[in-house]
Amino acid sequence: MKNLLETKDLVTNFYTYEGVVKALDKVSIEIKHGQTFGLVGESGCGKSVTVRSIMRIIQQPGKIESGEVLYCDDAESDECDELLSKSEAWMRELRGDRISMIFQEPNAALNPVLTIGEQVAESYMFHRKRSISKQVLKDVAEGKSSFGLFHPFLKWVYSTAAANPNARLLKVLDRIPLLKLWRRPLHREAIRRSVKIIGKLGISNPEEIVTRYPHNLSGGMKQRIVIAIALACNPTLLIADEATSNLDVTIQAQILDLLGELKRKKAISSVLLITHDLGVVAETCDRVGVMYAGTLCEVADVKDLFNSPQHPYTKALLNSVPRFCVEGELATIEGSVPNLVTPPSGCRFHPRCKSATEICKTQKPELVDLGNGHMAACHNIQVKAED
């Protein structure tokens, strides 16, 4: 069975006045159909750059230098789409539909001059025009709505939209101000669906919320609106970039439960979860990747990673988590994250690693399968495995 998403040796750099920031150094991850994959690591390790590279929304001065991003919508098919080679028009059709992303900062993701309803409805108007047109026709047939004197003409228009949302006829109508009004029933249906998805996220009075602007909402509510936009079209893969970081604990639990429920109901197939919270990873993820300074250190099933971490950085990361049952000072990782303009040679973690050897300073370790899909990139682990 094909993976839903796979990156191979992904390299992304940022060209700044200080120099070339080597943000990603041959990052390879695999996400299976129906899997929740967690990506963890310190701030600045490349988690967000990885998912932005997958979505091809790296902004200047960033550039995806090399690698592959394979997306296989059909698990049984041998054909996959290589996203880095696709046109921008093709990617626009993919984003928000089959692959959606929940952004970390809602204030940057929401348009301050558009109502909440208009911003959520935009997903339906762009990606679900066919199904909305069918619903409008159904409402007219059942007597819930009417086209009035223009019934034959508008029925023909909506039948065309239901068959082909990109038909030339619709583009011609959109150029004529008066005839552009044919979109109003579609917009009303999109708003109705927006109210429904917002209500599912536990926001009270969604009918009122859709009439408000982003500045009228709290930070937590704005974050949930961003989540609603991402979930609107039931994506195959949902990328959540620190999706619950701005929410209090009770709302965070509700959102994570909702994502789990959507997966069980097959509303979404897989989730790529970026977070600093190892508790969230332990509770929600099936498989975990640990990143450090633009490289992937370790990948394993969630239970294997917590019960038997192999890479020194993973061990240090887990040891730094506060525990109520352990007395004494909190363990820390000595040193600081390296400057990626001039990253350390060899293993990028070696300046902070207590078990580093000479080979760690000169040669970059490759990810090696230690058994049961548990992979780690460490020279010392490889030596032990060979022994």
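Start by selecting strands S10 and S11 (residues 295–301): they pair in the antiparallel sense over 6 bridges. Strands and helices here are DSSP runs, a strand (E) having at least two residues and a helix (H or I) at least four, numbered from the N terminus; two strands count as paired if DSSP finds at least two bridges between them. This is a predicted model, where local features need pLDDT of at least 70, side-chain atom pairs count only at pLDDT 80 or more, and totals for chains, interfaces and linings use all residues. Residues are numbered from 1 along each chain as its sequence is written, and side-chain values use heavy atoms, leaving out hydrogens and water.

Now click on valine 290, whose bridge partner in S11 is glutamate 298. Follow the chain into the turn: the two strands form a hairpin with 2 residues between them, and alanine 293 there has a positive phi of about 50°.

Next, color S10 (residues 287–292) by burial. Its 6 residues are all buried, so the strand is largely enclosed by the rest of the structure. Buried means under 20% relative accessible area, exposed over 50% and partly exposed in between, with a 1.4 Å probe and protein chains only. One face carries Arg287, Gly289 and Met291, and the other Val288, Val290 and Tyr292.

Last stop: helix H1 (residues 47–55), where 7 of the 9 residues are buried, among them Val49, Val51 and Ile54. Just after H1, look for arginine 56, with a positive phi of about 60°.
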